[in-house]
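Biologist: Before we talk about any contacts, could you show me the sequence and the structure together?

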Amino acid sequence: MIRIVIAENQQMILETISSLLNLEEDIEISGQASNGEEAIALVHQLKPDVCIMDMEMPVKSGLEAAEALKSFECKVIILTTFRRTGYFQLALKANVNGYLLKDSPSEELACSIRSIMDSKRIYSPELMDESSNNNDREMGVLGLLADGQTTLDPSNQQSNTIGTVRKYFSTIKDKMKLPAG
């Protein structure tokens with residue numbers, strides 16, 4: 001059973017997400033919070049597998065709470081309605097496991113939770129910063145990392161040389177603070 005804490009300051013959305021996820025046979029909502037500070041306290045108290053947080057909440061934002069939970073053994077998913085410039089880089093820095101849009105279908109959220117439990121990272125392409133320092137090739141390699149690939153597979157190099165792909169892996173791992181591999 002995947003145990004989840006949800007933090008969302010809009011009560012109707014909190015209840016809706018909880019109700020939809022409770023319909024999944026392998027997911028259990030362990031706790032609900034209305035701000036980032038409450039989310040941190042619930043994660044420490046309940047020790048869930050996953051904490052799903054709204055990006056913008058009172059007291060502490062989802063990113064601030066994710067940053068505070070960085071060393072905790074709870075996977076963090078940030079849900080947001082709007083794309084904000086710079087937030088993708090902040091999400092990577094906070095080491096979130098998922099950065100998703102709220103308007104995605106509920107089945108997609110449940111599938112993302114399962115993938116994240118299988119050590120994958122899920123980032124909605126619409127939320128990735130176009131203005132970030134990542135170029136298109138880095139973003140392609142980031143997609144491989146998001147799919148759980150942490151080593152180079154030469155069959156994925158397309159027109160890039162192995163050295164170039166290794167450089168992108170290294171750059172992205174540095175940005176995401178992943179161990180070398």
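Modeller: A contact here means heavy atoms within 4.5 Å of each other. This is a predicted model, in which local features need pLDDT of at least 70, side-chain atom pairs count only at pLDDT 80 or more, and totals for chains, interfaces and linings use all residues. Residues are numbered from 1 along each chain as its sequence is written, and side-chain values use heavy atoms, with hydrogens and water left out.

Biologist: In what order do the six strands of the open sheet run?

Modeller: Strands are DSSP runs of E with at least two residues, helices are runs of H or I with at least four, and both are numbered from the N terminus. Two strands pair if DSSP finds at least two bridges between them. The pairing in this open sheet is parallel, and the order is β2-β1-β3-β4-β5-β6.

Biologist: Is Leu 42 buried or exposed?

Modeller: Leu 42 lies in helix α2, and that helix, residues 36-46, lies across β1 (2-7), β2 and β3 (50-54). Leaving out residues up to four places away in sequence, Leu 42 touches Val 5, Gly 31, Gln 32, Ala 33, Lys 47 and Pro 48. Buried means under 20% relative accessible area, exposed over 50%, and partly exposed in between, with a 1.4 Å probe and protein chains only. Because its relative accessibility is 16%, Leu 42 counts as buried.

Conventions
Axes fitted to C-alpha atoms, helices over the stretch in contact; angles between N-to-C directions.
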